[in-house]
Amino acid sequence: MTPLRIAFLLDTPGVPEPWQRLAVERIEKDNLLRFAGYAVTGALADQAAAPTAFSRFSALENRVLLQRSQRATAPVTVSRVELLDADIVVNCSLSLLPTDRLAPILHGEWRFNFSGERNGSADWFGYRPVMERAAYTHLVLAARDVSGRSGTVASARFSVKPSGAVNNRFVKERAASLLLRELRRLALTGERAIDAAPSSWLRP
């Protein structure tokens with residue numbers, strides 16, 4: 001069986017997020033899958049900054065609560081997205097791939113709902129449920145292919161943690177597991193378990 005080739009699309013070159021590193025490590029250990037590399041868009045540099053007070057609070061909380069648990073990691077090698085040889089692009093950037101870039105990608109782009117909830121100065125995905133006093137944080141993995149078909153591949157919900165930074169990290173670590181489960185399903189069956197209902201936030 002030929003391994004499914006998986007690439008990750010980032011906003012800027014540098015060090016991937018911990019959940020992305022975790023997902024890649026698991027892909028590299030799985031004989032059904034093959035890591036095809038990182039590519040960048042540069043989109044994050046074009047986004048407006050978050051409010052200063054929130055950016056400072058988020059940075060402080062991440063530094064205090066998460067610093068001890070995060071490993072030091074080196075920058076990764078990246079390439080232009082058009083040079084990727086992949087069956088799926090896990091789009092971790094703020095921008096959707098142009099349709100012409102999707103054409104050679106067999107199973108299109110996959111994207112989590114937290115990918116758009118950040119900018120160059122802050123990541124507010126995990127903070128929103130805390131601030132809204134919600135019971136759960138909802139995680140959605142959606143897909144879009146060159147035909148224009150889009151929909152939900154998988155979803156989950158998790159009890160909200162008391163800290164936005166911890167909530168962010170917890171849900172994204174679970175995202176790595178959910179992603180691997182669905183990639184393995186696709187590698188074994190040739191079909192993703194896509195919901196017929198379109199994911200409107202994934203549309204161009």
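Of the 204 residues of the chain, 48% count as buried (under 20% relative accessible area, 1.4 Å probe, protein chains only). The model is predicted: local features need pLDDT of at least 70, side-chain atom pairs count only at pLDDT 80 or more, and totals for chains, interfaces and linings use all residues. Numbering starts from 1 along each chain as its sequence is written, and side-chain values use heavy atoms, without hydrogens and water.

The chain holds 5 helices and 7 strands (DSSP runs, H or I of at least four residues and E of at least two, numbered from the N terminus). Their order from the N terminus is β-α-β-α-β-β-α-β-α-β-β-α. Among contacts (heavy atoms within 4.5 Å) with a separation of 6 or more, 72% link residues 24 or more positions apart.

The largest nonpolar core has 35 residues. Such a core is a set of buried Ala, Val, Leu, Ile, Met, Phe, Trp, Tyr and Cys residues joined through side-chain atoms within 4.5 Å. Phe 8, Trp 110, Phe 112, Leu 179 and Leu 183 have the most contacts inside it. Contributors of at least two residues include E1 (4-10), E4 (88-91), E5 (109-112) and H5 (164-189). H5 gives the most, with 10 residues. Another core, of 9 residues, lies apart; Leu 9, Leu 84, Ala 86 and Val 89 are among them.

Strand E4 runs parallel to E1, joined by 4 bridges (pairing requires at least two DSSP bridges). Ala 7 stands opposite Val 89 in E4. E4 also pairs with E5 in the parallel sense, over 2 bridges. Here Val 89 stands opposite Glu 109. In a regular strand the side chains alternate between the two faces of the sheet. In E4, Ile 88 and Val 90 point one way, Val 89 and Asn 91 the other, and all are buried.

Notes:
Buried means under 20% relative accessible area, exposed over 50%, partly exposed in between (1.4 Å probe, protein chains only).
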